[in-house]
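Q: Hi! Could you walk me through the packing in this one?

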Amino acid sequence: MEVATQPPRTVHKGTLSRETLRPCTIKQVLDASQPHPDADFKIDDVEVQQLTFVGQIRNISTQTTNITYKLDDGTGSIEVKQWIDAEANNTSMDTGDSHKTGQKDLVENEWARVWGRLKAFNNRRHVGAHVIRPVTDKMEIQYHLLEATYVHLYYLRGPLEDAAGGKGGGANGQTADDGGQYGDGGGRQMPSVGANARRVYQCLKDSPQNNEGLHVQNIAASLRMQVADVMKAGDELLTQSMIFTTVDDNTWALLEF
């Protein structure tokens with residue numbers, strides 16, 4: 001497989017520690033501050049690198065190298081660009097596997113969830129999508145807006161204490177369900193995910209960490225699981241904002257809290 005001709009991006013340890021996934025609205029994305037063109041964007045005066053939001057697809061423009069989606073969530077609209085991996089597309093066409101792209105499920109006037117990075121070019125902002133997937137359960141829209149509101153208020157007013165005087169939820173907007181603890185702090189409860197998702201998470205947590213994370217094939221080999229089962233488990237963890245994609249959609253790393 002050919003490797004991109006661009007030189008690898010230098011990633012510093014301090015940068016990785018800031019790459020927590022931030023749920024937000026499109027208005028927050030548009031209003032994000034940037035002190036100078038080379039600086040990171042900030043929402044609520046907090047640096048943002050990875051973000052996620054939902055929106056209704058208003059327009060889809062397909063080009064040779066990328067697909068541009070115009071998304072609107074009721075607070076604003078923004079363009080989302082997803083670069084096309086020609087080799088992956090050819091493979092999915094040969095095998096009939098549409099899971100890798102998911103493009104046929106993304107249609108105008110339907111809702112989608114985006115994971116990506118905020119970028120600016122010629123004074124116009126857009127989001128470079130790592131993953132964009134259709135929203136199949138409309139309750140996810142309401143959940144996301146509540147999560148984005150909670151995180152906004154957390155940074156604006158501080159953590160919320162419950163009536164018993166205990167500690168509130170984490171800044172990532174996740175609440176305690178059941179199971180073991182996760183995250184670097186050791187005090188967060190594992191969200192309600194399946195057994196395979198827990199195994200994949202633990203594998204990522206126990207493996208030596210680097211800038212790229214672990215590929216699906218390596219995880220499957222390490223856990224002696226089918227690749228399809230690992231992919232399904234990864235979808236659960238992505239949905240819960242516990243991992244994020246790195247060099248491609250099939251290479252994952254843990255989000256640091």
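What follows is a short chat about a helix pair, a histidine and the nonpolar cores.

A: Happy to! Keep in mind that this is a predicted model.

Q: Great. At what angle do helix 6 and helix 7 pack?

A: Helix 6 (residues 216-223) and helix 7 (residues 227-239) pack at about 115°, and their axes are 9 Å apart. That makes helix 6 roughly perpendicular to helix 7, because angles of 65 to 115 degrees count as such.

Q: And which residues meet there?

A: From helix 6, Val216, Gln217, Ile219 and Ala220 meet Val227, Val230 and Met231 of helix 7. By class, that contact has six nonpolar residues, one polar and no charged ones.

Q: Changing topic: is His126 buried or exposed?

A: His126 is buried, because its relative accessible area is 15% and the cut-off is under 20%. His126 sits in strand 8 (residues 124-134).

Q: What is His126 in contact with, leaving aside neighbours within four places in sequence?

A: Ile78, Glu79, Lys81, Arg117, Leu118 and Lys119.

Q: Now the largest nonpolar core: which residues touch the most other members?

A: Phe53, Val80 and Val127 do, in a core of 22 residues. Elements giving two or more residues to this core include helix 2 (26-31), strand 4 (50-62), strand 6 (77-83) and strand 8.

Q: What does Val80 contact, again leaving aside neighbours within four places in sequence?

A: Its contacts include Phe53, Ile67, Tyr69, Leu71, Val114 and Val127.

Q: And what about the second core?

A: That one is separate and has 21 residues, among them Val230, Met231, Leu238 and Trp252. Val230 and Met231 also turn up on the helix 7 side of the contact with helix 6.

Conventions:
Residues numbered from 1 in each chain as written. Predicted model: local features only at pLDDT ≥ 70, side-chain atom pairs only at ≥ 80, totals over all residues. Heavy atoms only, no water. Axes fitted to C-alpha atoms, helices over the stretch in contact; angles between N-to-C directions. Helix = DSSP H or I, 4+ residues; strand = E, 2+ residues; numbered from the N terminus. Parallel < 35°, antiparallel > 145°, perpendicular 65-115°, else oblique. Contact = heavy atoms within 4.5 Å. Nonpolar A, V, L, I, M, F, W, Y, C, P; charged D, E, K, R; others polar. Buried < 20%, exposed > 50% of the residue type's maximum accessible area, 1.4 Å probe, protein only. Core = buried A, V, L, I, M, F, W, Y, C linked by side-chain atoms within 4.5 Å.
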